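Keep the sequence and the 3D view side by side as you read.

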Amino acid sequence: MASGILIIIIVFLPLLTLQGLEGKLFTPVAITIVFALASSLILSLTVIPVLASFLLTKVSHREPLLVRLLERAYIPILQWCLRHGYSIAVIALLLLLAAGFGYFKLGKSFMPTMDEGSLIVQLEKLPSISLEESIAIDTRVQKALLDKIPEIERIVARTGSDEIGLDPMGLNETDTFLVLKPRGEWRMPDKAGLIDAIREVLDRFSGFSYAFTQPIQMRVSEMLTGVRGDLAIKIFGNDVDAMNRTAQAIVKVVSHIPGAEDVYTPKNEGVQYLQVDIDSLAIGRVGISIEEIENVLRTYIEGREVGTIYRGCQAHGADYPG
């Protein structure tokens, strides 16, 4: 019993070496199973025999029928293994070495990419682009996709950040959600062919970079690494120009690696700033504070919430229009 439980525990130990999303999902499960089996082993050797001595007073010592049937096949095999112990040890050692070699070759990731049924095309333009021009580019791209790719049923896009601010994005960034038709209406056999067809349409445009992902996959990648790609290379430093040059050089190198596709880097150049210097003496003479001017400027840039209006509220059977 002890050897059997230890073997099961050893089987779950490789899960503790997983990394990334697989590690976050399966490591707690493996730890829980290992602790549960270890606790059961300790209880079975300490508490269970004591309880059995009180609860099981009159039991039959005859082997059950199933055990007797299994022994008819097990005992001859056991006797043969005992007569050929050296050969069995050599075979077990060779199998162990083969398993160890295969373990280091398989890697630490085994979760397949889930097909969520939808696609996201992420478009990134120059940071200095205006909202109107960003929407105009998105509209042209979406119209071309709907015209050239009949597998796309409809498109929902979002440019910039939402009102809550949980997903900080610039006006130059757009998440284009592609809602696809049923797989039976596709011209190509799989999603890889569909992505290639979409890529051909996007390559006809210029002025932006693009990448493909899926809704849930995008959120999980952002949660784990802060980026939306499968593999991210982060550069840290104080010189923005030097980091941009390094990033472009890395993109050129990574783009030629077999298996790399849709390699791009966020654009950090071309951002335009308007710096406002407030004359404290001048505004003081007219009775205006710096905070009031900052509130006005903030209203021009991002708006201001002045209140909430409820319409069509119903309470106790009566309607209260807002």
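Phe54 sits in helix H2, residues 20–55. Helices are DSSP runs of H or I with at least four residues, strands are runs of E with at least two, and both are numbered from the N terminus. Phe54 counts as exposed because its relative accessibility is 63%. Exposed means over 50% relative accessible area, buried under 20%, and partly exposed in between, with a 1.4 Å probe and protein chains only.

This is a predicted model: local features need pLDDT of at least 70, side-chain atom pairs count only at pLDDT 80 or more, and totals for chains, interfaces and linings use all residues. Residues are numbered from 1 along each chain as its sequence is written, and side-chain values use heavy atoms, without hydrogens and water.

Now turn to Ile283. This residue belongs to helix H9, residues 280–285. Ile283 counts as buried because its relative accessibility is 12%. Beyond its neighbours within four places in sequence, Ile283 is in contact (heavy atoms within 4.5 Å) with Ile278, Ile288, Ser289, Ile290 and Ile293. Ile293 is ten residues from Ile283 along the chain, and their C-alpha atoms are 9.1 Å apart.

Next comes the interior. A nonpolar core is a set of buried Ala, Val, Leu, Ile, Met, Phe, Trp, Tyr and Cys residues joined through side-chain atoms within 4.5 Å. The largest one has 24 residues, and Leu145, Leu178 and Ile198 have the most contacts inside it. Elements that each supply at least two of its residues include strand S1 (118–124) and helix H5 (131–148). Helix H6 gives the largest share, six residues.
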